[in-house]
Amino acid sequence: MEVVFNDYSLDSQFGSSDAFADSLTEYTLPLLEILKEGGSLILKKFQSYDLRVTQEMTLNDFLTSNQFMGYSESQKLRSLIVGLMHEPYWEENPKSDPSATYMTDYTGIFSGENPNCFSEAYERERMLLSVEHDDFKNESISVKKNDELANISNFYNKQSSLVALFRWNHISFSEFLFHLSDGIKVSFFKSGGEAYIDKEFKSLQLSGNDVFKIIEYYKRWLIGIRTGAMMAHLTDSIHHRGCTYSELRVTLDDKREFRLFYKQFGSQYVFFNMLLKDTTETPEQTKDKTYSLIKVFETLN
C-alpha cells in the first residue's frame with residue numbers, strides 16, 4: 001500500500017525538539033509501526049527532509065544531527081523510515097494529471113503540472129500520512145480534481161487510522177481488534193499462521209453497518225473489561241463438554257446475531273472462534289469446534 005507523506009503537516013509548528021519527540025511517541029511512531037507491519041510504502045518528495053519541525057530544526061536535523069542521537073524517538077523514527085521508505089520519492093514517477101486542476105482548503109487551486117502531496121494521494125491509493133498538526137486531525141481530507149471531489153484518508157495517529165486501514169484491507173479483522181485493545185491483553189488463536197477468526201470472517205457476508213456494530217460492541221466490551229462492570233447483554237458463559245468459555249454477543253438486526261467466542265487465561269483474553277447466526281441457540285458443531293481450539297491452545301501453552 002502506498003501512502004503519501006503530507007508535506008504541509010510540517011511547518012515549524014513545534015516549539016521544541018522535545019515537543020516533537022513527545023508528539024512522535026503519542027501520534028506518529030505507533031502508526032508507522034502498523035504501516036511497517038503491513039508492508040506499506042511511504043512516498044515523499046525530494047525536499048521532505050528539509051521541512052522545518054521547529055524554527056531552528058529540520059526533519060533531517062532531528063534524524064542525523066549528533067545533538068539528537070541520544071533521543072530514542074530519533075533512533076526509532078530512523079529505523080522505521082528504513083523499512084517504510086524504500087525508493088520513496090513520488091517525484092521520480094508522478095501520477096498527477098498535468099492537464100487537470102486540483103484544489104484543497106490548504107493549497108487553493110493548483111495545476112497538475114506542479115503536483116504536490118494532495119494531488120499525488122488523489123491519483124494513487126488516496127492515503128496521506130500527516131504529522132500531528134492542528135489543520136490535519138480529521139480522518140479525511142477533501143481534494144477536488146476538476147469537478148470531481150474525493151476524500152483522502154488522513155493517517156495521523158493509530159486510533160484515528162484503524163478504521164480506514166481495516167476498511168482498505170490493510171489490516172485483518174483480528175489485527176484491528178488487537179490494536180483497539182490498548183492496555184488489555186488480547187490475542188487470537190492461530191491456525192496455519194493465520195488467526196482462526198480471520199478465516200471465518202472472510203467467509204461472512206457483512207455490510208458496512210454490520211461491521212460498524214461489531215466494532216461498537218467490541219469497544220463496549222473493552223470498557224467493561226477495564227471498569228469491571230460488564231453489561232449483562234454483552235457477554236454470556238458457555239458450558240460445553242466440561243469446558244467453560246465466554247461469548248461476546250452482537251445484535252446485528254432482528255434476525256441475525258454475531259458471536260465472538262473467547263476464554264480468559266489469567267489477565268489474557270484469547271479469541272478462538274466466531275459465528276453469524278439466525279437462530280436462538282448456538283449450534284453444537286460450533287461449540288465443538290471452539291472446544292477443540294481451546295484444547296489445542298491449552299496443550300500448546
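I took helices (H or I, at least four residues) and strands (E, at least two) as DSSP runs, numbered from the N terminus.

**Ground rules.** I am working on a predicted model, where local features need pLDDT of at least 70, side-chain atom pairs count only at pLDDT 80 or more, and totals for chains, interfaces and linings use all residues. Residues are numbered from 1 along each chain as its sequence is written, and side-chain values use heavy atoms, with hydrogens and water left out.

**Helix 8.** I looked up residues 208–227 and checked the length of this helix. Its 20 residues should span 28 Å at 1.5 Å a residue, and the end C-alpha atoms lie 29 Å apart, which agrees. The expected span is 1.5 Å times one less than the number of residues. Next I listed the buried residues (under 20% relative accessible area; exposed is over 50%, partly exposed in between; 1.4 Å probe, protein chains only). In helix 8 they are D210, V211, I214, I215, Y217, Y218, W221, L222 and G224. G228 follows helix 8 and has a positive phi, near 70°.

**Helix 6 against helix 8.** I noted that two packed helices are described by the angle between their axes and the distance between the axes. Axes are lines fitted to C-alpha atoms, for helices over the stretch in contact, and angles run from 0 to 180 degrees between N-to-C directions. The axes of helix 6 (residues 173–180) and helix 8 cross at roughly 40° and come within 11 Å. I then looked up the contacts (heavy atoms within 4.5 Å). From helix 6, F173, F176, L177 and L180 meet I214, I215, Y218, K219, L222 and R226 of helix 8. By class, this contact has eight nonpolar, no polar and two charged residues. Nonpolar covers Ala, Val, Leu, Ile, Met, Phe, Trp, Tyr, Cys and Pro; charged covers Asp, Glu, Lys and Arg; the others, Gly among them, are polar.

**Helix 1 against helix 5.** Helix 1 packs on helix 5 (residues 158–167) at about 25°, with the axes 9 Å apart. The two are therefore roughly parallel; angles under 35 degrees count as that, over 145 as roughly antiparallel, 65 to 115 as roughly perpendicular and the rest as oblique. Y27, P30, L31, I34 and L35 of helix 1 meet K158, S161, L162 and L165 of helix 5. I sorted that contact into seven nonpolar, one polar and one charged residues.

Most residues other than glycine have a negative phi. Which way does S12 go? Its phi is positive, near 65°. S12 counts as buried, at 18% relative accessibility. R241 also has a positive phi, near 50°, but counts as exposed at 52%.
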